[in-house]
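Got your viewer open and ready to click? Let's take a short tour, one selection at a time.

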Amino acid sequence: MRVISKSISLPSTLVCGQRSSRLLRFVRTQAQYEYSPREDYNLSEFSRPPGLVTPRQLAQYLDEYVVGQPEAKKVLSVAVFNHYNRVRANIQSQEVDEDETEWSEDSQSDNRTGAVPLHLNPHPRRSHLAQGGQLPFQLRYSTPTFEKSNVLVLGPTGSGKTLLARTLAKVLDVPFSVSDATSFTQAGYVGEDVDMCIHRLLQAANWDPFRASTGIVYIDEVDKIARKSSGGGIEGSRDVGGEGVQQALLRMMEGSIITVPAKGSAVEGPGAAPSEGRSRSSQRNANLGPPKPDMYQIDTSNVLFILSGAFVGLDNIIKRRVAKGSIGFTAELSSNDDTPSSDFMPFFTPNRRPLLNMLEHVEPADLVKYGFIPEFISRLPSIATLAPLTPTDLRHILTDVRGSLISQYTALFGYSGVEIRFTSGALDEICDKAAQRGGGARGLRGIMENLLLEPMYEVPGSNIRHVLIDKTVVRGESSALYWSKGEGAAFWTAWTEAEAHEEKS
């Protein structure tokens, strides 16, 4: 690490003011401490390994499973990529520090005089001072210590928050645990302690404390731990499920040593204590291995935390902050209708047309008003917002992504030896109904379940081999069309005619 001098030695001749101001501006805009590699620094050791994907590749992988939300995918991809690099750089930096702090001391005694000679061995990083190098306080470090950037994901229900986490868990090569914040309570009360998320992370790491200390913790429904308003309650009562949980998560998110017990058969694994109900053979085999600890020490300094929630009612807080109040005869009053305007932010966002997403304008002050303490929000520097799904997005969820709903129900009917088809008009009608109902992708599945309830009840065990769903069936004007075995040609003809009729209409 070099300390850049803030003073500039100018020549005795006159220098123009423009050049001197440019040099001064250059000094003021640079970092005070410059981290440069040592002479023995090997760039190949810190290069990206072949198995580590780039943020763009990770976002492309998420596109195969999650529809839309490009900004949230970008934030999560960059956070995960930086997490890999930060963990590798910090671990290698710690190893270098441990090697350099082992100073060699010669303790050989002088046999002739019986005295022990004095040997002064300077620190390896200060050894270059003997050749007349830098000042003692001008140390050189290879890399700085990278701090982690936890992520907060905001979005309405059914927009893909949990699916993003599950998809990340499939592609990542680090331990990944998913927890629900609704069951968290303060330590000493009925419910789960916040340490359970680290316990699940250790289970995902196959009880390897080192791998668990470099994993990722995903906590869903974090908006449920917001501070509860003390309206009409006993003054001074403890909020064990809200602010108490936030206080408990502070030290964990910042980085601390968490003690995780290995107890009971529910957490059985390498290192779990043997139970009394084991057979003699299992106990004899267990004694052959190394002793297994009863407690695990997990350092969360290199654990990335991703928190998500729907945050119902946060948009109203943002509206009150953004809305500009005015008085007078020429004041612009907020209209009650849902007609969008370029300079007015509506109070309601109906699903019939895509409007401005209020969560995109969130600020830390809005989250504090929502019920989070400032210390908790300051530990979440990266905020990603998810927009409500449009009918076009719902159509992609039905047919395009991996594991789409149409492919799921097609395979489900295929187990009974039945082929089911949907017309394009039927799919558009399903998406429109789901957009009006709300709920995102979960609302879409609810409509599909109600629509296919009768066919799923009638088809198994019958001679029906073909099912057709058109626009009239989705609207409830008619029932599903069935064809028996050997009537495949008539089924395909009816499907083609229905497609042509819906295109004309």
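On this tour, a contact means heavy atoms within 4.5 Å. Helices (H or I, at least four residues) and strands (E, at least two) are DSSP runs, numbered from the N terminus. This is a predicted model, where local features need pLDDT of at least 70, side-chain atom pairs count only at pLDDT 80 or more, and totals for chains, interfaces and linings use all residues. Residues are numbered from 1 along each chain as its sequence is written, and side-chain values use heavy atoms, with hydrogens and water left out.

**Stop one: H13 and H15**

Select helix H13 (residues 405–414) and helix H15 (residues 440–451). Which residues of H13 meet H15? They are Leu405, Ile406, Gln408 and Tyr409, and their partners in H15 are Leu444, Arg445, Met448 and Glu449. (Ala, Val, Leu, Ile, Met, Phe, Trp, Tyr, Cys and Pro count as nonpolar, Asp, Glu, Lys and Arg as charged, and the others, Gly among them, as polar.)

Now for the geometry. Two packed helices are described by the angle between their axes and the distance between the axes. Axes are lines fitted to C-alpha atoms, for helices over the stretch in contact, and angles run from 0 to 180 degrees between N-to-C directions. The axes of H13 and H15 come within 11 Å and cross at roughly 30°, so the two helices are roughly parallel to each other. (Angles under 35 degrees count as roughly parallel, over 145 as roughly antiparallel, 65 to 115 as roughly perpendicular and the rest as oblique.)

**Stop two: H2 and H4**

Next, pick helix H2 (residues 55–63) and helix H4 (residues 161–171), which pack at an angle of about 120° with their axes 10 Å apart. That makes H2 oblique to H4. Show the side chains of Leu58, Tyr61 and Leu62 in H2, which meet Leu164, Thr167, Leu168, Lys170 and Val171 in H4. This contact divides into six nonpolar residues, one polar and one charged.

**Stop three: aromatic rings**

Colour the Phe, Tyr and Trp rings. Rings of Phe, Tyr and Trp (its six-membered ring) pair if their centres lie within 6.5 Å; planes under 30 degrees apart count as stacked, over 60 as edge-to-face and the rest as tilted. How many aromatic pairs does a search of the whole structure find? It finds nine. Zoom in on Phe372 and Phe376: their ring centres are 5.5 Å apart and their planes are at 15°, so this pair is stacked. Both Phe372 and Phe376 are buried.

Then jump to Phe491 and Trp492, with ring centres 5.8 Å apart and planes at 70°, so they sit edge-to-face. Phe491 is buried at 0% relative accessibility, while Trp492, at 34%, is partly exposed.

Select Thr423, in the loop between strand E10 (419–422) and helix H14 (424–437). Thr423 is buried at 0% relative accessibility. Leaving aside neighbours within four places in sequence, its contacts include Leu468, Asp470 and Trp495.

Go to Gln69, in the loop between H2 and helix H3 (70–101). Its phi is near 55°, a positive value in a residue other than glycine. Finish at Trp207, between helix H5 (196–204) and helix H6 (209–212), where phi is near 60°, again positive in a residue other than glycine.

How values were computed. Buried < 20%, exposed > 50% of the residue type's maximum accessible area, 1.4 Å probe, protein only.
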